[in-house]
Amino acid sequence: MHTAKIRIGDEDLILETGKIAKQANGSVLARYGGSTVLATVCCSSDTSEGLDYVPLMVDYNERYYSAGKIPGGFIKRETRPKDKEILVSRLIDRPMRPLFDKRFGRDIQVIPMTVSTDQVHTPDVVGMMAAFASVMISDIPFNGPVAAIRIGSVDGELIVNPTFQQLEKAELDVIVAGNNDGIVMVEGGGSEVSEERMLEALSHAEGILKDLCKFLVDFAAEAGKEKLPLPEDFAPLGFEDEVKAAAEPLYQDVIFLSDKFARSGGARDVKNKLIEQFADRIEAYGENGMTVFKALLGKIHSGIMRKSIVNEGKRCDSRTPIEIRPITTEIGLLPRAHGSSLFTRGETQSIGVVTLGSTYDEQIFDDIDGDRRSSFMLHYNFPPYSVGETGRTGTGRREIGHGHLAQRAIEPILPSKDKFPYTIRIVSEITESNGSSSMATVCSGSMSLLAAGVPIKTPVAGIAMGLIQEDGKNVVLSDILGEEDHMGDMDFKVTGSEKGITAFQMDIKISGISIAIMTTALNQARDGRLHILGEMAKTISQPSEAISEFAPAVVTYTVDVDKIGAIIGPGGQNIRNISETSGSKVNIDDDGVVTIFSKDGKKGADVALNMVKALVEDPEVGTIYKGTVKRLMDFGAFIEILPGKEGLCHISKLSKERVNSVEEVLKEGQEVSVRLVEVDRMGRLNLSIVDADNPDWKPAPGSGRPGGGRPSGPPRRPRR
């Protein structure tokens with residue numbers, strides 16, 4: 001068994017191997033504070049030659065027992081992965097994938113499993129370090145090291161691996177992965193932080209990551225296995241120069257066509273033509289001749305594009321490196337939706353749709369971090385037709401990852417719940433895609449919120465940046481195309497307002513990115529973001545004055561905490577009666593805030609509000625109430641003016657004229673306006689119809705005998 005530790009932030013990171021899961025290719029137990037993650041890595045024994053990708057699977061999972069919990073719901077065991085587990089799996093996958101060699105050709109599976117958590121220290125970064133360490137010590141070829149930490153900014157101070165409690169107050173939260181060459185992955189967000197503050201955080205992370213990388217190298221030197229051999233590279237074709245001479249002019253003719261499908265179709269035709277032209281020599285090469293030939297064509301194709309950008313500043317669609325594609329925007333696309341927008345940037349398009357709901361629509365989370373609720377959701381859909389293809393529809397890891405990035409981008413600009421007590425759901429339907437659809441989602445989502453009348457703090461927009469490193473030169477690209485993402489060296493997404501950054505994500509395909517390049521990319525991204533915000537503002541820049549007529553009406557009212565029980569009533573009788581009578585949903589928080597949601601508009605909400613007020617308000621002398629006659633007595637009538645609160649209207653206060661009998665003017669169940677004229681020393685309520693300023697009041701129809709006068713029957717004996 002081997003153990004190593006290093007101080008990171010306020011705790012020691014402890015790695016241990018050789019004790020658990022010894023049959024895996026690599027296994028590491030990582031501890032940080034009270035959070036413990038077991039990570040294993042295995043590879044298959046079968047090899048697939050000629051793969052142009054790494055067959056890597058990362059399956060992070062959290063065991064409920066790690067927090068001393070039993071899963072909620074009917075199924076009392078962990079089943080399909082939760083969104084959080086998928087997001088952490090992506091965090092682990094992205095920095096590692098470029099460091100595996102495609103020639104290895106075997107399926108690789110990394111399983112980090114949280115087995116203990118103190119709900120103080122976040123287990124996701126611990127899982128990343130455990131996964132990286134397990135691969136480093138395994139016999140699987142890996143061009144590591146790579147390490148990860150979280151950086152938070154709390155009250156202006158940069159904190160390494162902040163706790164959950166610190167993150168609640170953080171204005172910046174980013175996870176940074178890096179190696180000895182620089183930063184390779186960033187994921188996080190902030191509350192409109194400046195580019196300068198983001199760079200400070202990344203610079204702070206860079207030095208710590210290099211220390212962690214050395215720690216992993218030393219750990220692997222002590223506990224690691226000998227690496228498995230890589231298959232030898234395929235032999236050269238022997239006629240590369242001839243292929244290049246034939247291919248370059250053909251690709252030059254198609255690579256700069258303005259339309260995505262024209263470019264892809266042209267490139268496909270060129271490939272087929274060249275395969276036909278060199279068919280005999282490809283066959284003569286042997287079994288892998290076609291694989292090697294296609295790889296050469298791909299290299300020639302991407303090389304033309306990359307050199308054109310670096311040497312001429314000309315991109316596939318003839319834009320300059322900093323130029324943004326044409327943008328068109330529209331709101332009110334869907335008349336029955338509470339808010340909708342259409343955002344189109346070049347060949348990327350998103351329909352953003354907002355739905356406003358009640359407290360009962362909040363998302364409930366049951367996980368090892370503790371039970372919690374969210375009143376904001378963003379769901380991203382990427383159907384196959386958006387790229388002109390067929391395929392399965394559904395929610396995969398890509399949809400969850402892109403949706404989370406857009407949700408993180410928009411969340412900081414939402415109003416607080418006390419100012420806007422709705423539950424908000426945004427759905428982004430990607431209807432076209434060539435470039436960053438997650439950034440289009442941020443733009444359409446922001447506009448749809450404004451269209452729905454949500455009082456957001458400020459609009460936000462997003463932009464995807466790229467990088468080409470060629471011949472010792474670096475060119476940062478704004479608003480990248482799909483081809484530039486595929487053939488380029490970086491995918492760098494930044495979202496924010498005019499004031500600052502709200503979300504940030506970066507992945508690279510090269511060994512590392514320097515802070516200098518990131519500075520250029522961030523400043524260029526800011527210029528692009530401001531341009532996009534300006535285009536959005538031409539359609540809408542302020543929230544609509546009123547929410548949709550199809551959205552539920554919301555009314556809030558605050559009561560004393562000791563009155564909550566009166567509203568709920570015995571067994572929930574009162575609150576149930578309010579809901580059934582008014583057609584509204586009523587929610588009461590522990591602090592006494594009553595929120596009423598009515599799908600019938602303001603009218604239903606007002607009915608419910610009046611019923612709530614009636615339950616909690618104390619009768620006020622001088623106030624006129626609409627009361628209900630409950631009992632008739634010889635000397636007057638008892639009238640209920642508030643639920644459970646009755647007062648006496650003496651016979652002398654029934655009318656300005658003489659009344660011989662109460663039955664002449666009132667009957668039980670009748671509604672009548674009364675004024676509360678006195679609360680006596682015993683707390684009894686004295687009412688008056690005469691003083692209720694109700695000149696149109698008349699006796700109840702059918703009270704007394706027809707024609708008025710004294711009721712029939714024997715004369716009443718006068719009271720002594």
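**Helix packing, cores and backbone details in a predicted model**

User: In this predicted model, in which strand is the place of Y32, and is Y32 buried or exposed?

Analyst: In this predicted model, the place of Y32 is in strand β3, which covers residues 26-32. Residues under 20% relative accessible area count as buried, and Y32 has a relative accessibility of 4%. The strand asked for is therefore β3, and at 4% Y32 is buried.

User: Where is the place of S318, and what are its phi and its relative accessible area?

Analyst: The place of S318 is in the loop between α8 (289-312) and β12 (327-331). Although S318 is not a glycine, it has a positive phi of about 70°. S318 is partly exposed, and its relative accessible area is 44%.

User: Which peptide bond is cis, and in which loop is P145 found?

Analyst: Most peptide bonds are trans. The bond from G144 to P145, however, is cis, with omega near 10°. P145 is found in the loop between α2 and β8 (147-154).

User: At what angle do α2 and α4 pack, and is the crossing right-handed or left-handed?

Analyst: Helix α2 (residues 123-137) and helix α4 (residues 195-223) have axes 9 Å apart and pack at an angle of about 40°. That angle makes α2 oblique to α4. For the values asked, the angle is about 40°, and the crossing of α2 and α4 is right-handed.

User: Which residues of α2 and α4 meet, and how many nonpolar residues does the contact have?

Analyst: From α2, the residues M129, F132, A133, M136 and I137 meet L212, L216, V217, F219, A220 and A223 in α4. By class, this contact of α2 with α4 has no polar and no charged residues, and its count of nonpolar residues is 11.

User: How do α5 and α6 cross, and how do the residues of their contact divide by class?

Analyst: The axes of helix α5 (residues 240-254) and α6 come within 9 Å and cross at roughly 160°, which makes α5 roughly antiparallel to α6. Helix α5 contributes A246, A247, L250, Y251 and V254 to the contact, while α6 contributes R263, G266, A267, V270, K271, K273, L274 and Q277. By class, the contact of α5 with α6 has 8 nonpolar, 2 polar and 3 charged residues.

User: At what angle does α6 pack with α8, and which residues meet there?

Analyst: Helix α6 (residues 260-277) and α8 have axes 11 Å apart and pack at an angle of about 135°, which makes α6 oblique to α8. The crossing is right-handed. The residues that meet are A267, K271, L274 and I275 in α6 and M290, F293, K294, L297 and H301 in α8.

User: How many residues has the largest nonpolar core, and which element gives the largest share?

Analyst: In soluble globular proteins, nonpolar side chains tend to be buried together. Here the largest nonpolar core has 154 residues, and those with the most contacts inside it are F293, I410 and I424. The largest share of this core, 14 residues, comes from α4.

User: In which strand is I468, is I468 buried or exposed, and how far apart are the C-alpha atoms of I468 and G152?

Analyst: The place of I468 is in strand β19 (residues 461-470), and with a relative accessibility of 0% I468 counts as buried. Leaving aside neighbours within four places in sequence, its contacts include M305, R306, I309 and V310. G152 is 316 residues from I468 along the chain, and their C-alpha atoms are separated by 30 Å.

Key: Residues numbered from 1 in each chain as written. Predicted model: local features only at pLDDT ≥ 70, side-chain atom pairs only at ≥ 80, totals over all residues. Heavy atoms only, no water. Axes fitted to C-alpha atoms, helices over the stretch in contact; angles between N-to-C directions. Helix = DSSP H or I, 4+ residues; strand = E, 2+ residues; numbered from the N terminus. Parallel < 35°, antiparallel > 145°, perpendicular 65-115°, else oblique. Left-handed = near helix turned anticlockwise from the far one by under 90°. Contact = heavy atoms within 4.5 Å. Nonpolar A, V, L, I, M, F, W, Y, C, P; charged D, E, K, R; others polar. Core = buried A, V, L, I, M, F, W, Y, C linked by side-chain atoms within 4.5 Å. Buried < 20%, exposed > 50% of the residue type's maximum accessible area, 1.4 Å probe, protein only.
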